[in-house]
Amino acid sequence: MIDFDFLVRWLHIVVGVMWIGLLYFFNFVQVPALAQANAEASSGGPGPAAITKYVAPRALFWFRYAALVTWLTGAYYLLAAPQYSLHGVFTLGLMGETVNFQHTLMGFGAWLGTIMLINVWMLIWPNQKRVLGLVQATDAEKAKARRVAFLASRTNTMLSIPMLMFMQASNHKLPFFM
Amino acid sequence: MNPLDSLGGTVAAGFVLAIVLSYVAKALAGV
């Protein structure tokens with residue numbers, strides 16, 4: 001009576017929107033806002049404290065757990081859905097007797113999403129903890145952590161564009177080289 | 001200059017990567 005696979009795919013899309021939505025919030029809103037807040041702090045502006053104390057930690061919490069749940073629900077769906085297999089997708093549909101191009105396309109999306117998840121948990125979150133003062137760090141360590149977190153976040157923003165294209169293309173077709 | 005330092009460069013790099021990977025995917029699969 002209930003299509004559980006549909007529910008998991010639905011949840012995958014909902015939490016995926018939360019993950020990528022917060023990623024775009026960081027890149028398109030918070031980073032420019034912090035730069036302006038820092039620039040205007042010495043001329044009477046309120047400074048970045050409210051963002052770094054109240055907004056960034058909450059946004060990072062939902063961001064990193066949405067990333068994890070997006071990957072887990074995606075992996076479950078690849079295991080459960082009859083047209084996919086986890087092995088087939090992560091080997092890009094190239095390991096069978098004939099090439100499975102649907103697996104190739106989903107595989108590119110799945111690998112890009114996996115790289116993005118690793119970036120979130122191995123680069124963005126550990127470095128943001130130093131930047132936000134949740135972990136002790138010197139000013140030099142904070143400056144380096146800020147740059148690494150920034151570049152990892154920008155890398156994920158860049159990767160999200162082909163990732164979302166491949167996830168769609170798997171059930172439709174590529175927009176290029178048709 | 002790193003294209004990831006600007007938002008425009010980041011988005012442009014994403015679309016370029018999408019086009020390049022489309023070609024790679026089709027070439028790998030031989031379709």
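The exercises below concern a predicted model.

**Exercise 1.** Determine how many residues of chain A and of chain B are in contact, and describe the side of chain A that touches chain B.

*Solution.* Step 1: the contact joins 22 residues of chain A with 19 residues of chain B. Step 2: on the side of chain A that touches chain B, at least two residues come from each of α1 (4-40), α4 and α5 (139-169) of chain A. Step 3: the most is given by α5(A), with 9 residues. Step 4: by type, this side of chain A consists of 15 nonpolar, 6 polar and 1 charged residues.

**Exercise 2.** Identify the residues that touch the most other members of the largest nonpolar core, and the elements that contribute to this core.

*Solution.* Step 1: the core holds 40 residues, and A:Trp19, A:Phe63, A:Leu105 and A:Phe166 touch the most other members. Step 2: two or more residues are given by each of α1, α2 (49-80), α4 and α5 of chain A, and also by α1 (7-29) of chain B. Step 3: leaving aside residues up to four places away in sequence, A:Trp19 touches A:Phe63, A:Ala66, A:Ala67 and A:Thr70.

**Exercise 3.** Locate A:Leu92 and decide whether A:Leu92 is buried or exposed.

*Solution.* Step 1: A:Leu92 lies in the loop between α3 (86-90) and α4 (101-131) of chain A. Step 2: the phi angle of A:Leu92 is near 60 degrees, a positive value in a residue other than glycine. Step 3: a residue is buried if 20 or more other C-beta atoms lie within 10 Å of its own. Step 4: A:Leu92 is therefore buried, because 21 other C-beta atoms lie within 10 Å.

Note on methods. Residues are numbered from 1 along each chain as its sequence is written. Chains are lettered from A and ligands numbered from 1 in the order in which they are written. This is a predicted model: local features need pLDDT of at least 70, side-chain atom pairs count only at pLDDT 80 or more; totals for chains, interfaces and linings use all residues. Helices (H or I, at least four residues) and strands (E, at least two) are DSSP runs, numbered from the N terminus. A residue is buried if 20 or more other C-beta atoms lie within 10 Å of its own, exposed if 12 or fewer, and partly exposed in between; C-beta atoms are placed from the backbone. Two residues are in contact if their C-beta atoms, placed from the backbone, lie within 7 Å. Ala, Val, Leu, Ile, Met, Phe, Trp, Tyr, Cys and Pro count as nonpolar, Asp, Glu, Lys and Arg as charged, and the others, Gly among them, as polar. A nonpolar core is a set of buried Ala, Val, Leu, Ile, Met, Phe, Trp, Tyr and Cys residues joined through C-beta atoms within 7 Å.
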